[in-house]
Amino acid sequence: VKAVVRVPAALWALLAFAAVAIALWLLRALPGVAGLWAWLAAQFGFLQQPAGFGIAEGWLAFDSADSYARAFAAGLVNTVRAAVPAAVLAVVLGTLLGIGRLTSHLLVRALCTAYVETLRNVPLLVQLLMLYFALTHLLPDSTEPVQLLPGWWLSKGGLSLPWPVREDGAFWPSRLDWPEPTAFNVIGGAALSPEYLTIVLGLGLYTAAFVAEIVRAGIGSVSSGQKLAAQALGMQPGQQLRLVVLPQALRVIVPALTNQLLSLVKNSSLAVAVGYPELVSVANTSLNSTGRAFECIAIVMAVYLVLSLSISAAMNMYNARVALRGWR
Amino acid sequence: MRKTHSAALAAGALLLALASTTAQAGKTLDAVKARGTVKCGVTNGVAGFSAPDTQGNWSGLDVDTCRAIAAAVLGDAKKAEFVPLNSQQRFAALQAGEVDILTRNTTWNLTRDASLGLNFTTINYYDGQGFLVPKKIKVTSAKQLKGATICTQAGTTNEKNVAEWSKAQGIPVKTVVFESFEASFKAFFSGRCQAFTTDTSALAGLRNKEAPNPDDYIILPELISKEPLAPAVKRGDDEWFAIVKWVPNALIEAEELGITQANIDKLRTDSKDPAQQRLIGTGDDLGKLLGLDKDWSYHSIKAVGNHGEMFERNVGPKSALQLPRGVNNLWSKGGLLYAMPVR
């Protein structure tokens with residue numbers, strides 16, 4: 001049977017957006033279209049002005065003299081910086097929990113059930129605030145950090161660890177930058193702020209509870225006859241799971257998992273409540289200093305839409321690979 | 001020829017005078033009268049300016065400004081309705097007409113005045129941005145904050161001021177910003193930041209009301225900005241703009257003339273001073289020019305007292321904030337308050 005490769009709907013949507021944008025760009029000389037571009041330039045021209053506020057952390061270096069456009073870019077990068085580790089955490093932990101809920105070991109099963117029922121039944125915002133205030137209350141003051149491992153400092157200022165850095169002009173990192181405690185804060189190395197740790201852990205742990213249920217349902221959907229057949233062939237329990245059960249369960253799991261990943265990315269906007277400077281936080285500040293409410297919200301909408309459609313397209317392509325062949 | 005010319009001029013002047021004495025009531029005033037309440041946008045809780053108590057009763061300087069306007073317009077200070085707005089919502093809420101006035105300790109600056117579709121009215125508090133720090137970090141001047149982490153609220157002029165100050169002074173700092181004021185000061189008191197920055201008046205409120213132990217915190221002497229706080233109205237309704245501009249002026253003039261909440265009723269029968277009479281409703285009818293009752297300013301002063309009384313009660317020595325009068329005193333006492341003449 002020949003596998004039919006279908007282009008996912010999300011990819012079509014993305015392509016359609018791109019096509020409209022390119023067409024408008026090519027036709028920019030036409031009177032009607034020129035008016036549209038002039039209007040856009042007038043509305044969104046503020047993006048080129050200096051932003052005038054600082055962004056505390058992130059991968060994209062940002063200075064208060066940089067433009068609003070760069071501030072939005074830095075915000076987007078920060079959203080990705082939080083969402084990707086959170087998604088990895090959610091999928092890995094969620095899979096383990098899902099399998100844990102199906103084991104015959106009573107204690108493991110009870111713990112996994114308790115985890116899932118607690119985490120998925122408390123609003124995410126509440127969990128984030130709890131986690132954040134727990135972190136900032138319990139950790140030692142940033143003037144008195146504790147050293148966990150050589151060069152690993154933990155305090156209210158966050159977790160600082162040694163990080164490889166490049167010398168000027170070099171391509172590969174050549175040495176480690178070691179964090180050092182100073183008068184107020186630990187400086188140097190890679191710093192993971194409490195705000196960042198909160199959003200990554202909070203989002204990851206919360207979404208893991210949903211992923212666990214999806215994995216459990218996926219495994220449950222494989223008929224027990226399959227497992228018995230695998231046993232009859234003399235497979236070990238690990239082999240049964242890896243070779244027979246999971247490949248069939250993935251067909252059920254992947255589409256539902258896509259939804260969870262989309263939710264995770266969108267939920268990352270709650271980071272604004274705990275002081276992590278992601279896209280929505282940057283948009284809020286920009287909105288306030290420029291008064292351009294509609295434009296800033298429109299940018300946020302467009303960015304989330306593109307981000308979500310991209311994830312959706314990627315997941316759909318993965319789904320096409322694991323789905324049952326020849327059934328379409 | 002010359003005579004007819006001057007006659008025409010006189011007739012024109014008369015017409016103008018007639019037109020100006022019967023002021024057009026604006027659409028906001030009509031809407032307020034029809035609704036029976038004045039809706040004011042306030043904070044979610046900044047002590048001394050607008051904060052609800054445990055019973056949900058609002059108090060503060062901004063709240064009293066709103067009550068004074070409700071009293072002037074509707075004759076009853078209780079007809080002020082308060083809509084809590086965070087700093088991101090405030091301008092959109094005013095533009096959308098969700099509130100009639102923004103009395104939400106909002107700084108008057110050029111960008112906001114020129115680009116947000118609003119008009120600022122009369123400054124009710126002259127503020128400046130400062131820093132609150134715990135004593136244990138042993139900092140006595142903002143210049144020593146090099147390398148510090150500073151907490152503040154997102155979407156405020158404070159956030160930009162501190163970035164600008166840090167750049168201009170060459171003092172690198174890291175700012176952690178939170179969406180809500182409450183989250184930002186809670187993070188500071190938990191020790192996340194070495195300093196908290198906002199307007200000094202709000203710092204005093206935080207130190208005295210929210211700090212675990214007020215004596216463990218000090219406000220640094222430096223002010224890094226000017227923050228004139230003023231009520232604002234939506235553009236496009238000059239009549240409403242005039243009302244919101246003149247009620248606070250009347251409260252300041254009442255203080256200049258010694259009219260208080262306590263003595264106003266006595267003055268209403270006794271006063272022979274025409275300037276006082278204009279404010280207490282026994283002199284010229286200036287309310288008509290604003291589209292209000294003759295007793296507009298009487299109702300305001302009766303409801304909230306003069307500006308000095310409002311200050312004393314909400315932020316001054318009698319309040320939890322215990323702020324000195326300083327630049328917020330009358331011009332005749334070395335301050336900046338100067339009422340445009342109510343006449």
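The model is predicted: local features need pLDDT of at least 70, side-chain atom pairs count only at pLDDT 80 or more, and totals for chains, interfaces and linings use all residues. Residues are numbered from 1 along each chain as its sequence is written, chains are lettered from A and ligands numbered from 1 in the order in which they are written, and side-chain values use heavy atoms, with hydrogens and water left out.

**Interface**

Chain B gives 36 residues to the contact and chain A gives 34, where contact means heavy atoms within 4.5 Å. About 2,600 Å² is buried between chain B and chain A, and carbon and sulfur atoms account for 52% of this area. Buried area is the accessible area (1.4 Å probe) lost when two parts are put together, summed over both. Of the area that chain B buries against chain A, 23% comes from B:Lys160, B:Ser190 and B:Arg192, more than from any other three residues.

Three salt bridges are counted between chain B and chain A; a salt bridge has a side-chain nitrogen of Lys or Arg within 4 Å of a carboxyl oxygen of Asp or Glu. One of them pairs A:Glu195 with B:Arg192, with the closest N and O atoms 2.7 Å apart.

**Cores**

The largest nonpolar core has 120 residues, and B:Val73, B:Phe196, B:Trp240 and B:Trp296 have the most contacts inside it. Such a core is a set of buried Ala, Val, Leu, Ile, Met, Phe, Trp, Tyr and Cys residues joined through side-chain atoms within 4.5 Å. Buried means under 20% relative accessible area, exposed over 50%, and partly exposed in between (1.4 Å probe, protein chains only). A second, separate core of 15 residues includes A:Phe184, B:Phe131, B:Ile137 and B:Ile224.

**Salt bridges within chains**

Over all chains the structure holds 21 salt bridges. Those below are among them.

| Pair | N to O distance |
|---|---|
| A:Arg120 and A:Glu213 | 3.8 Å |
| B:Asp100 and B:Arg35 | 2.8 Å |
| B:Lys302 and B:Asp265 | 2.8 Å |

A:Glu213 is buried at 14% relative accessibility, whereas A:Arg120 is partly exposed at 29%. Both residues belong to a network of salt bridges that also links A:Arg101, A:Glu117 and A:Arg216. B:Asp100 is buried, with a relative accessible area of 7%, and B:Arg35 is partly exposed at 35%. B:Lys302 is partly exposed at 34%, and B:Asp265 is partly exposed at 33%.
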